[in-house]
Amino acid sequence: EFATKFKLPIVPVIREIASSTSSPQAVPGTTVPGSQNPAPAVPGTVKQAFTGVGICVNSTTPDGSFSINGMNSDEAISKITDWLAQKGFGKKAVNYRLRDWLFSRQRYWGEPIPMVHVDGKPKPISVSELPLTLPEVKSYEPTGTGESPLAAIKEWVNVTVPGTTVPGSENPAPAVPGTVVVKAKRETNTMPQWAGSCWYYLRYLDPQNGSVLIDPKKEKYWMAVDLYVGGAEHAVLHLLYARFWHKVLYDCGVVSTKEPFLRLVNQGMILGEDNQKMSKSRGNVVNPDDIVRAYGADSVRLYEMFMGPLEMVKPWSTKGVEGVYRFLGRVWRLVTERAVPGTTVPGSENPAPAVPGTEEEENRILHRAIKKVTEDIEELKFHTAISALMIFVNDITKLKVCSKETIETFILLLAPFAPHISEELWQRLGHEKSLAYESWPSYNETYLLQNEVEIVIQVLGKIRSRMVVPKGLREAELKEKVLADENVAKWMNAKPVKKFIVVPDRLINIII
């Protein structure tokens with residue numbers, strides 16, 4: 001726009017990478033494909049700047065000693081940087097966009113800056129005066145002068161400081177309280193959340209310590225933070241400042257780690273049901289209190305984790321909450337209404353008998369769930385962990401009965417996702433203490449090994465039957481069993497077998 005207004009020649013330095021289907025475009029200063037002549041730079045012909053990744057053009061020094069013509073623009077950045085460094089014109093560096101105005105604000109709320117001004121010069125207050133707190137006043141209206149509201153609270157701002165130079169004298173006053181003092185003014189700007197949020201994770205480890213920020217032994221035991229979960233909008237602000245602050249503390253010898261956080265996960269935003277960012281102006285804000293009243297806190301918790309991968313942006317769906325609510329209803333009935341061997345069925349005085357042959361399948365279902373939920377929680381794949389719990393309920397429901405121990409283990413797996421219903425069911429199973437004191441279940445690999453597999457049987461490439469056979473069954477025995485299958489015989493129609501194609505433990509295809 002500037003060049004066009006003042007009729008300056010526009011010389012593009014990056015051209016778009018043409019696709020195979022697009023026709024050649026004349027770019028000023030570059031050679032048109034099929035032509036030896038570069039297109040002239042005609043003032044005003046370029047209507048819009050190209051800002052993407054492209055090919056460098058018109059990028060040669062006047063003496064021709066350095067050129068990046070023909071290079072990918074991203075790759076050219078490194079080459080330019082190296083060239084500038086060799087010439088002594090500069091060097092590669094990382095710039096942190098830290099702004100001091102983010103740390104000093106003209107407002108009442110915030111941490112007071114522990115400084116005073118004497119003769120216009122800043123001076124820190126003594127350690128004995130820390131922590132410096134805000135004055136408790138009835139009004140902290142803006143001053144109207146651009147100063148902080150604190151500037152109007154004269155009894156707080158105006159102080160006397162011992163041990164400073166007496167105005168009109170070259171000799172410093174001795175730092176003895178009650179001798180020579182001078183007038184000073186407190187700093188009236190305050191620190192916003194950055195002052196506390198930059199190092200709060202350290203103070204949590206030793207919050208009552210009145211002498212140092214944190215006990216070095218506690219810091220070495222706990223730091224660094226293993227996992228930090230925060231929104232993507234958080235990253236540039238709090239996390240950048242926390243890292244900067246932590247590195248300063250490391251240089252000062254206060255902390256033992258160079259980095260405060262070992263792993264960062266940014267959770268995705270939850271959109272409104274219209275797939276738009278929730279906003280009062282759009283009228284698509286979901287009030288969690290309303291959902292909790294209708295479906296319970298566990299349903300809300302469970303649904304939010306079941307919506308999809310933690311990092312993804314996901315739209316809210318009230319129908320989805322209803323589905324999770326129904327699942328929790330099935331869980332309730334599984335525990336309170338199902339016949340559990342060795343326990344009394346509600347409404348009956350007789351314990352449910354154990355059904356022969358179900359124990360092995362029950363153990364397989366349970367330990368498969370333990371393994372899946374454990375691994376998914378460690379990887380923050382909560383949606384697939386909850387899916388595994390749903391599969392468990394489906395599979396265990398197909399069995400006529402299951403043991404009390406299996407149900408108890410399932411409740412322990414469910415507890416991190418739906419703690420309230422889990423605690424209630426835990427008590428109904430006869431436990432007096434909270435399940436929070438129970439150990440996390442462990443799985444046995446033995447129960448995960450399948451002794452039998454289901455194979456698919458095809459005739460001329462089309463599925464005609466299925467069969468459960470011992471795992472690793474020899475090919476000759478497998479053929480014998482398959483040919484004895486009535487459904488397979490029907491589709492073969494007494495025709496001779498031309499070829500058997502066998503995929504062990506998975507599939508057999510009969511060519512006739």
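This is a selection-by-selection tour of a predicted model.

**Whole chain**

Start with everything displayed. The protein chain has 512 residues, of which 33% count as buried. Its secondary structure comprises 16 helices and 16 strands. The accessible surface comes to about 32800 Å², and carbon and sulfur atoms own 54% of that area. Among contacts with a separation of 6 or more, 56% are between residues 24 or more positions apart.

Five bridges join the two strands, in the antiparallel sense. Show the side chain of Phe-500: which residue stands opposite in strand 16? The residue facing Phe-500 is Ile-510.

**The largest nonpolar core**

Next, select Phe-327, Leu-389, Phe-392, Phe-410, Ile-411, Leu-414 and Phe-417. Within the largest nonpolar core, which has 48 residues, these touch the most other members. To see where the core comes from, colour helix 8 (288–295), helix 9, helix 10 (318–336), helix 11 (359–378), helix 12 (382–398), helix 13 (404–414) and helix 14 (419–428); each supplies at least two residues. Helix 12 gives the largest share, nine residues. In soluble globular proteins, nonpolar side chains tend to be buried together.

Centre on Phe-417. Leaving aside residues up to four places away in sequence, Phe-417 touches Asp-298, Arg-301, Leu-302, Met-305, Val-373, Ile-377, Phe-382, Ala-385, Ile-386 and Leu-389. Another core lies apart from the largest one. This other core has 14 residues, including Leu-132, Leu-134, Trp-156 and Val-157.

**Ser-299**

Go to helix 9 (residues 297–306) and pick Ser-299. Is Ser-299 buried or exposed? Its relative accessibility is 1%, so Ser-299 counts as buried; the cut-off for buried is under 20%.

**His-238**

Finish in helix 7 (residues 232–251), where His-238 lies. His-238 has a relative accessibility of 4% and therefore counts as buried. Display Trp-194, Ser-197, Cys-198, Tyr-200 and Tyr-228: His-238 touches each of these, with residues up to four places away in sequence not counted. Two of these pairs can be inspected further. The side chains of His-238 and Tyr-228 are joined by a polar contact of 3.0 Å. Cys-198 is 40 residues from His-238 along the chain, and the C-alpha atoms of the two are separated by 6.7 Å.

Key
Residues numbered from 1 in each chain as written. Predicted model: local features only at pLDDT ≥ 70, side-chain atom pairs only at ≥ 80, totals over all residues. Heavy atoms only, no water. Helix = DSSP H or I, 4+ residues; strand = E, 2+ residues; numbered from the N terminus. Buried < 20%, exposed > 50% of the residue type's maximum accessible area, 1.4 Å probe, protein only. Contact = heavy atoms within 4.5 Å. Polar contact = N/O pair within 3.5 Å; in protein donor to acceptor, adjacent residues only side chain to side chain. Areas by Shrake-Rupley, 256 points an atom, 1.4 Å probe, with all protein chains shown as cover. Pairing = 2+ DSSP bridges. Core = buried A, V, L, I, M, F, W, Y, C linked by side-chain atoms within 4.5 Å.
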